[in-house]
Amino acid sequence: QRLAQAEQERGWLAERVVALEAMILNPGPYPDTGTGAPATATNEETETATAPKTFRTSVEALIATGITAEQAALIQATLDEYDLQQLYIKDRASREGWLKTPRFNKELRLARNGYLELRAEIGDDAYDRMLYALGRVNRVVVRDTMQNSNAEQYGLQANDRIIEYDSQRIFNSQELNKLVNQGADSALVLVRVQRDEQLLDLYLPPGPIGIRLASSRELP
């Protein structure tokens, strides 16, 4: 009886082996990749490699805006000198313990005044292009005008770019506010604006203009 039972179990096991072999040889609904690669493999190896990003030097960026190579080299050398001065000030202040103190702010402000000297040396046009090349704001934009203000009454409009105030070039809102607060000697002040592609000369009374400002960086 035991022998008969063992023979029966062996026959059952043999059938199971045959069935398992059939499943291995014929997987049915599972896809045949043909390459032996697992189904979860990605196609990263077939994708085109992205070229490494290259950057222009500061001198190249200056030249790209229309500044001559000679002037670009001069500007970059001067900027490097000013920036190094500021780094040395920050390093010394950090080591000596007077970082973020009135003394630190004063010395940093004096170092930054060099940019104004550079502007006088290279001229407003090159300075404008320099600001753009360095990624800095170089346009003051009229966001909107206030009702019954000089701006509204004398023709300023939203999106006008203020290029000059009282015959002086403007590159940021601080410069404009300083000139407005200083006042003008004449009865009317020349305000040159860029509207779309046109340059317009408007004449406004001295004093508050009545505008809300925004800033932008635009190719000169």
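Select Ile162 and look across to β4: its bridge partner there is Val193. Two strands count as paired if DSSP finds at least two bridges between them. Strands (E, at least two residues) and helices (H or I, at least four) are DSSP runs, numbered from the N terminus.

A note on what is on screen: this is a predicted model, where local features need pLDDT of at least 70, side-chain atom pairs count only at pLDDT 80 or more, and totals for chains, interfaces and linings use all residues. Residues are numbered from 1 along each chain as its sequence is written, and side-chain values use heavy atoms, with hydrogens and water left out.

Now select residues 189–195, strand β4. Five of its seven residues are buried, so the strand is mostly covered. Buried means under 20% relative accessible area, exposed means over 50%, and partly exposed lies in between (1.4 Å probe, protein chains only).

Seven bridges join β5 to β4, and the two run antiparallel. Find Arg192; opposite it in β5 stands Asp201.

Select Asp196, in the loop between β4 and β5. Its phi is positive, about 60 degrees, although Asp196 is not a glycine. Is Asp196 buried or exposed? It counts as exposed, because its relative accessibility is 65%.

Compare Asn159, in the loop between α7 (150–153) and β2. Asn159 is not a glycine, yet has a positive phi of about 80 degrees. At 52% relative accessibility, Asn159 counts as exposed.

**The cores**

Which residues touch the most other members of the largest nonpolar core? Select Leu156, Ile162, Tyr165, Leu176, Ile209 and Ile211; the core has 18 residues. At least two residues of this core come from each of β1 (139–145), β2, α8 (173–182), β4 and β5. A nonpolar core is a set of buried Ala, Val, Leu, Ile, Met, Phe, Trp, Tyr and Cys residues joined through side-chain atoms within 4.5 Å. In soluble globular proteins, nonpolar side chains tend to be buried together.

Centre on Tyr165. Not counting residues up to four places away in sequence, its contacts include Ile170, Leu176, Val191, Pro206 and Ile209. Contact means heavy atoms within 4.5 Å.

A second, separate core has 14 residues, including Leu62, Ala72, Tyr82 and Tyr127. Select Ala72, in helix α3. Ala72 counts as buried, because its relative accessibility is 0%. Beyond four places in sequence, Ala72 touches Val59, Leu62, Ile63 and Ile67. The C-alpha atoms of Ala72 and Leu62 are 5.8 Å apart, with the two residues ten apart along the chain.

**A buried glutamate**

Move to helix α8 and pick Glu175. Glu175 counts as buried, because its relative accessibility is 18%. Beyond four places in sequence, Glu175 touches Arg119, Arg169 and Ile170.

**Out to the surface**

Finish on Leu84, in helix α3 (residues 69–96). Leu84 is partly exposed, because its relative accessible area is 42%. Which residues make a nonpolar surface patch with Leu84? Select Leu87 and Tyr88; with Leu84 they make a patch of about 340 Å². Patches use residues with over 30% relative accessible area and no salt bridge, joining nonpolar side chains (Val, Leu, Ile, Met, Phe, Trp, Tyr) within 5 Å and like charges within 9 Å. A salt bridge is a side-chain nitrogen of Lys or Arg within 4 Å of a carboxyl oxygen of Asp or Glu. Accessible areas come from the Shrake-Rupley method with a 1.4 Å probe; for residues, only the protein chains shown count as cover.
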